[in-house]
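Colleague: I would like to go through this model feature by feature. Please give the general idea each time, then the case at hand.

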Amino acid sequence: MSNSLVLWYDRPASDWESETLPIGNGALGATVFGTVATERLQLNEKTLWTGGPGEETYRHGDWPEPRPGAVEEVQRVIDEHGRMAPEDVAALLGQPVTGFGAYQSLGELLLDVPGAPAAPESYRRSLDLGTAVATVTYRDADGVTFTREYLASHPANVIAGRIGADRPGRVSFALRFAGAHPGAETVTAAGGRLRIRGALPGNGLVYEGQVQVRAEGGSLTRDGDAIVVSGADSATFALSAATDYAPVHPAYRGEDPRAKVTAAVDAAAARPYDELRRAHEADHRALFGRVRLDLGRPLPSLPTDRLLDSCTGAPEDSALEALYFQYGRYLLIASSRPGSLPANLQGVWNASNTPPWDADYHTNINIQMNYWPAEVTNLAETAEPYLDFVEALREPGRRTARSMFGTEGWVVHQNTNPFGFTGVHDWPTSFWMPDAAGWLVRHLYEHYLFGGDEAFLRERAYPAMREAALFWLANLRADPRDGTLVVSPSYSPEHGDFTAGAAMPQQIVWDLFTNTLEAAEILGLDAGPCERLREALDRLDPGLRVGSWGQLQEWKADLDDPRDRHRHVSQLFALHPGRQITDPEHLEAARVTLAGRGDGGTGWSKAWKINFWARLGDGDHARKMLSEQLRLSTLANLWDSHPPFQIDGNFGATSGMAEMLLQSHTGTIDLLPALPAAWDGGSFDGLRARGGHTIGVSWEHGGPTEIRLTSGSGETARLRSPALGGRSRVEPSGAGHSVADGVLTLPTRAGASYRIIPLS
Ligand code: FUC
């Protein structure tokens with residue numbers, strides 16, 4: 001195969017944020033600098049967080065004392081004046097944040113290489129998305145070629161590396177660890193093993209890391225707390241790390257990490273490196289290899305940073321676009337695997353102890369966007385940490401619902417941490433969002449829609465959805481303006497005043513109630529509560545209003561300014577990720593809103609707009625946003641930039657590209673629903689549709705020439721494309737398909753594969 005799945009550079013990285021190459025196994029992350037004289041691998045362990053229990057002041061964001069009448073007072077002001085300034089609401093309902101914490105760096109693994117060339121020849125630093133191996137090669141003045149490779153193995157739970165040379169006896173280095181919390185940890189070396197142990201200041205979270213070095217030939221000695229390899233033919237290392245964090249309310253502490261780390265490093269060190277690497281590649285390929293995308297252009301043989309610099313929006317960019325799509329899938333696999341926390345604002349990669357926004361979990365778009373590509377790009381397993389995380393918020397969220405609102409149900413507000421922070425802080429424009437839980441649980445339902453696992457729906461998704469819905473049954477209010485049920489106070493994320501019935505909260509509640517009712521019907525459960533939910537849904541203001549300039553209103557009153565370019569386009573939740581907008585009038589209003597907001601915005605904002613335009617069926621505009629994101633919001637290592645680096649935009653763009661190729665929101669599978677002119681020929685395989693079908697399409701001149709479908713659980717597939725309106729050949733032919741209104745209906749057998757070839 002060509003290099004179509006490789007990021008590569010002809011220089012070492014000097015800047016962590018924009019240049020290093022990430023590897024990860026979900027729990028552990030490393031970024032590779034590839035510097036020749038002192039190699040640097042910046043390290044992370046996903047649960048290494050300050051804050052939470054152990055901090056005296058930590059209260060999960062709940063009010064320390066009840067505030068009887070506070071919410072009602074805000075509701076009263078809004079009823080009377082129509083709005084209330086965020087600062088005034090924060091003064092009544094917010095509180096200074098205490099003990100929230102931040103995601104920490106673990107430190108750096110450093111390899112000092114004696115006699116390294118100052119000007120190496122044939123230098124190359126690369127990341128192969130297909131194998132999930134990062135490689136650095138260079139030649140010294142004697143003509144010796146050195147090769148370093150690094151990987152993060154999920155099955156072995158280690159970050160491992162191999163340092164080699166093409167002449168015997170030339171591998172020498174000293175390996176040491178530079179911790180990120182010098183006063184809090186100790187580093188020791190013995191028997192080729194380096195051990196780091198510490199307890200974080202504040203919350204006392206215990207962490208441990210170990211690295212075992214092995215050398216073939218030469219010698220392995222110790223120099224203080226460094227391990228020294230001299231004159232070896234090659235050397236390998238295996239590193240693991242863990243903390244005593246556990247995702248269990250209220251203490252959020254589990255076992256001491258030493259036994260787990262020791263076992264992982266012992267086991268990895270006892271295996272031949274090649275075998276470890278083979279097992280890693282097989283594990284990675286089992287996920288990554290499920291989807292293939294070819295946008296009809298070969299990747300030019302240029303370093304990735306120069307390729308990115310050469311992007312203009314021309315059709316030739318499509319090769320980089322395909323690489324960028326797969327990079328999002330790679331990053332999700334690397335930063336979200338079962339057994340640890342979900343991907344945070346930076347996935348798993350963070351070099352700072354005071355990262356932007358604490359590298360936390362923002363719930364007003366960011367964590368949700370991280371998981372948009374998970375199901376459709378055939379990586380459902382990567383969503384498991386997120387699904388677990390959402391479920392684990394129920395218990396603290398229940399207490400927050402009781403103490404702030406005095407009702408049943410569960411809530412979480414605008415940002416959360418690994419320690420069940422479900423209450424509030426007091427940053428006026430981004431602290432209040434009780435509707436966030438309704439948005440979070442939608443992925444649990446989606447997981448069922450794609451995977452068809454009814455036990456998951458019954459035991460996990462439905463209880464969390466139902467309890468979030470019960471919160472709103474108890475907390476919706478009759479709007480004195482028209483008697484509809486509204487959220488009050490309600491807030492359109494990070495924008496404007498507090499009002500009653502802002503579009504996004506209304507649409508989220510619509511989505512939550514609709515999904516919960518659907519799920520209950522599938523499961524045959526809960527006649528009583530469902531009756532109440534149905535009545536409330538009938539009375540609910542659906543949050544879809546067309547305003548004076550044809551726009552979809554952001555608030556219930558027509559307050560929208562056509563010149564407003566705010567990065568959030570929250571009023572279009574109903575377009576994406578929601579599925580409430582399907583009729584021409586509201587689709588057109590959504591289009592007007594989107595055109596009004598313009599094509600600017602932060603990285604994630606542009607990524608959301610790719611999805612929006614795809615949902616509107618406008619492939620050229622979707623690709624324009626993709627191009628804007630690549631040109632203006634993407635760093636040399638192809639990380640998305642808010643700025644600064646924020647990974648949600650990577651995931652949102654991958655999702656948006658999938659939405660351009662395949663949609664399945666309303667009972668049909670729409671093929672190539674938003675194909676841009678620049679992608680005039682191409683093919684994909686392995687994307688998933690709701691209903692459990694796996695789809696591949698080849699196309700030319702904008703129309704499918706062959707559709708490949710593998711059925712999951714044997715549901716009937718309804719495929720829509722203008723090309724399917726006429727005659728088609730279906731193989732195997734016994735499938736008994738029919739065509740009506742441009743929809744080809746195909747009964748399927750579980751596990752069976754079909755080929756559909758449009759004939760006219
Ligand atoms: C949201 C956005 C900000 C930023 C932050 C992490 O609240 O409004 O732009 O992305 O999350």
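**Reading contacts and cores**

Modeller: Setting aside neighbours within four places in sequence, tyrosine 330 contacts Pro22, Ile23, Leu127, Leu129, Ala132, His284 and Phe288, where contact means heavy atoms within 4.5 Å. This is a predicted model, in which local features need pLDDT of at least 70 and side-chain atom pairs count only at pLDDT 80 or more, while totals for chains, interfaces and linings use all residues. Residues are numbered from 1 along each chain as its sequence is written, and side-chain values use heavy atoms, with hydrogens and water left out.

Colleague: Which residues have the most contacts inside the largest nonpolar core?

Modeller: In soluble globular proteins, nonpolar side chains tend to be buried together. A nonpolar core here is a set of buried Ala, Val, Leu, Ile, Met, Phe, Trp, Tyr and Cys residues joined through side-chain atoms within 4.5 Å. Buried means under 20% relative accessible area, exposed over 50%, and partly exposed in between, with a 1.4 Å probe and protein chains only. The largest core has 218 residues, and Phe173, Tyr330, Phe513, Trp679, Phe684 and Ile695 have the most contacts inside it. Helix H7 (residues 318-335) supplies the largest share of this core, 12 residues. Another core, of 10 residues, lies apart from it and includes Val133, Val158, Ala238 and Tyr273.

Colleague: How many residues of helix H13 are buried?

Modeller: Helices (H or I, at least four residues) and strands (E, at least two) are DSSP runs, numbered from the N terminus. In helix H13 (residues 442-451), 8 of the 10 residues are buried, so the helix is largely enclosed by the rest of the structure. The buried ones are Arg442, His443, Leu444, Tyr445, Glu446, His447, Tyr448 and Phe450. They pack against several elements, among them helix H12 (436-440), helix H14 (454-475), helix H15 (503-523) and strand S26 (681-689). Just after H13, glycine 452 has a positive phi of about 70°.

Colleague: Which residues surround the ligand?

Modeller: A residue is near a molecule if one of its heavy atoms lies within 4 Å of it. The ligand is surrounded by Leu345, Trp357, His362, Asn364, Asn366, Gln414, Glu494, Arg567, His568, Trp604, His642 and Gln646. By class, this shell has 3 nonpolar, 7 polar and 2 charged residues. Ala, Val, Leu, Ile, Met, Phe, Trp, Tyr, Cys and Pro count as nonpolar, Asp, Glu, Lys and Arg as charged, and the others, Gly among them, as polar.

Colleague: What are the distances from polar side-chain atoms to oxygen atoms of the ligand?

Modeller: A polar contact is a pair of N or O atoms within 3.5 Å; within protein, one must be able to donate a hydrogen and the other to accept it, and residues adjacent in sequence count only if both atoms are side-chain atoms. For histidine 568 the distance is 2.5 Å, for glutamine 646 it is 2.9 Å, and for an N or O atom in the side chain of asparagine 364 it is 3.4 Å. Taken alone, the ligand exposes 290 Å², of which the protein buries 98%; accessible areas come from the Shrake-Rupley method with a 1.4 Å probe, and for residues only the protein chains shown count as cover.

Colleague: Is asparagine 44 buried or exposed?

Modeller: Asparagine 44, in strand S4 (residues 38-45), counts as buried at 1% relative accessibility. A polar atom of its side chain lies 2.8 Å from the backbone nitrogen of asparagine 350.

Colleague: And where is serine 698?

Modeller: Serine 698 is in strand S27 (residues 693-700) and is buried, with a relative accessible area of 18%. Its side chain makes a polar contact of 3.0 Å with that of arginine 708.

Colleague: Is arginine 749 buried or exposed?

Modeller: Arginine 749 counts as exposed, at 59% relative accessibility. It sits in the loop between strand S32 (743-746) and strand S33 (753-758) and touches Ser711, Gly714 and Tyr754, not counting residues up to four places away in sequence.

Colleague: Which residues does a cis peptide bond join?

Modeller: For the backbone, check omega and phi. Serine 488 and proline 489 are joined by a cis peptide bond, with omega about -5°. The bond from proline 643 to proline 644 is also cis, with omega near 5°. Alanine 359 has a positive phi of about 50° although it is not a glycine, and this alanine is buried, with a relative accessible area of 0%.
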